[in-house]
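Biologist: I am new to reading protein models. Could you walk me through this one, feature by feature?

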Amino acid sequence: MRDPYDAREIRSPEARANDLRRDLPEAVARAALLDGYRETLGGIAAAGVTTREALAALPVLRKSDLMRLQAKEPPFGGLTTRAASDFDHVFQSPGPIHEPGRRGGDWWRLGRFLHASGVGRGDIVQNCFGYHLTPAGHMFESAAEAVGATVIAAGTGQTELQVQAAAALGATVYAGTPDYLKVILEKADEMGVTLGIRRAGVSGGALFPSLRQWYADRGIACTQCYATADLGLVAYESEAMEGMIVDEGVIVEIVTPGTGDPVPDGEVGEVVVTSFNPDYPLIRFATGDLSAVLPGVSPCGRTNMRIKGWMGRADQTTKIKGMFVRPEQVAALVARHPEVARARVVAGRADEADTLRVRVEGEGVDAAAVAASVREVLKLSGEVEVVAPGGLPRDGVVIEDTRTYE
């Protein structure tokens, strides 16, 4: 392997267990003092939570709990150890859900991922994650700073300008959603421009094997990480590209969806994460994502637990074009149009890019008006298909993911 990011990446099992016995009770005790955890952790004897087995006995915190707590005690639901004014950034993600952020110190810890991807001093990173309201752009900017790379604060969209900037400023690394780099490269081909991008660090969507190979055929090594706005880095690929290595700043459990009970290694379940972030100590936070433990350790030499990567959603919440779409957003869409009886969002895949189709059932439906509401409510554009009354299945599904992940 390349030199480790720090010594924690190559700890022995005994050293990891010793560090867990020291760090986990402190994290639980810190959280138990916060208003947002008073009901669930207030009676916990934190000193006894020294192992993964003891951690598994604690309650699970869900996204829906975040929204409820934040409505009760804005903006962060009483789950942070700092006031909003003591953070450097505050964000609003779809839901809405509010998240804090800080400058410096690689607060979201994504520097570990870029280092494992071979990014460092001398690289120029074209950061195509969004900087508006949501934190992804800042998360990857912080990561680039941590490894000594330079950042082009490109943000999203305006593909022709992205090509011009990448060429003029000498971008060597792309950071963004998996499929947008392909859009940039194809636009560069149209413009007759040769780009110097040789590495890509992607997140915010599934990296399909065919797309990774498409990049490889163009001489671009593409690796992915699993991160969220709430938790920062959860797991990441190294040059070995055998599963995702869990970040050193979190504990990952794979549990039976809806119960919080750990499943045997190798079985698919919901990803539950405990973060040691002293500013935002999330304890057993259920992500809604599915994965499975990958036995053994990575051939690259990093010794932490591995997971198989993103394997779908435990609930109907689905990430499309890098944005989460939630059942409550579909309900809000229907509420805007009295003539719409039901709606179903369908996520698909075409030409290595996510597609969005919204099927609505009703009479006298104005498809253009519904499309405008889709853009406002879901923050995405997509095709609207109107079907006659009774045309949608009565199966309880409001968000259907037709993509395959093999």
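**Domains and what lies between them**

Modeller: The chain is divided into domain 1 (13-313) and domain 2 (318-401), with bounds that come from an automatic or database domain assignment. This is a predicted model, where local features need pLDDT of at least 70, side-chain atom pairs count only at pLDDT 80 or more, and totals for chains, interfaces and linings use all residues. Residues are numbered from 1 along each chain as its sequence is written, and side-chain values use heavy atoms, with hydrogens and water left out.

Biologist: How do I read the interface, and what area do domain 1 and domain 2 bury between them?

Modeller: The size of an interface is often given as the accessible area lost when the parts come together. Buried area here is the accessible area (1.4 Å probe) that two parts lose on being put together, summed over both. For domain 1 and domain 2 that comes to about 1,200 Å², with 53% of it on carbon and sulfur atoms. In domain 1, Pro94, Asp179 and Arg313 lose the most area to domain 2, together 35% of what that side buries. The centres of the two domains, taken over C-alpha atoms, are 28 Å apart.

Biologist: And how many salt bridges are there between domain 1 and domain 2?

Modeller: Side chains of opposite charge can pair when their charged atoms come close. The rule for a salt bridge is a side-chain nitrogen of Lys or Arg within 4 Å of a carboxyl oxygen of Asp or Glu. Between domain 1 and domain 2 the count is 2. Look at arginine 349, whose side chain meets that of aspartate 179 in a salt bridge (3.6 Å, N to O). Arginine 349 also forms a salt bridge with aspartate 354, with the closest N and O atoms 2.7 Å apart.

Biologist: Is arginine 349 buried, exposed or partly exposed, and what do those words mean?

Modeller: Buried means under 20% relative accessible area, exposed over 50%, and partly exposed in between (1.4 Å probe, protein chains only). Arginine 349 has a relative accessible area of 26%, so it is partly exposed.

Biologist: How many salt bridges does a search of the whole structure find?

Modeller: That search finds 35. One of them joins the side chains of aspartate 230 and lysine 63 (2.7 Å, N to O). Aspartate 230 sits in the loop between strand S8 (221-228) and S9, while lysine 63 is in helix H4, so this pair ties together parts that are 167 residues apart in sequence. Those labels follow DSSP runs, numbered from the N terminus: helices (H or I) have at least four residues and strands (E) at least two. Both aspartate 230 and lysine 63 are buried. Elsewhere, Asp6, Arg8, Glu9, Arg109, Arg112, Glu239, Asp247 and Arg302 are linked in a network of salt bridges.

Biologist: Now for the nonpolar cores. Which residues touch the most other members of the largest one?

Modeller: A nonpolar core is a set of buried Ala, Val, Leu, Ile, Met, Phe, Trp, Tyr and Cys residues joined through side-chain atoms within 4.5 Å. The largest has 36 residues, of which Tyr37, Leu61, Leu79, Val252, Leu282, Ile283 and Ile307 touch the most other members. Helix H1 (13-32) and helix H4 (63-72) are among the elements that each supply at least two residues. H1 gives the most, with 5 residues. Apart from this core lies another, of 26 residues, among them Trp108, Phe140, Ala143 and Tyr236.

Biologist: Where is aspartate 279, and which side chains does it make polar contacts with?

Modeller: A polar contact is a pair of N or O atoms within 3.5 Å; within protein, one must be able to donate a hydrogen and the other to accept it, and residues adjacent in sequence count only if both atoms are side-chain atoms. Aspartate 279 lies in the loop between S12 and strand S13 (285-291), and is buried at a relative accessible area of 7%. Its side chain makes a polar contact with that of arginine 82 (2.8 Å), and another, of 3.2 Å, joins the side chains of aspartate 279 and arginine 102.

Biologist: Last one: which peptide bonds are cis?

Modeller: One joins proline 74 and proline 75, with omega about 0°. Another runs from glycine 95 to proline 96, with omega near -10°. Proline 75 lies in the loop between H4 and strand S2 (89-93), and proline 96 in the loop between S2 and strand S3 (97-101).
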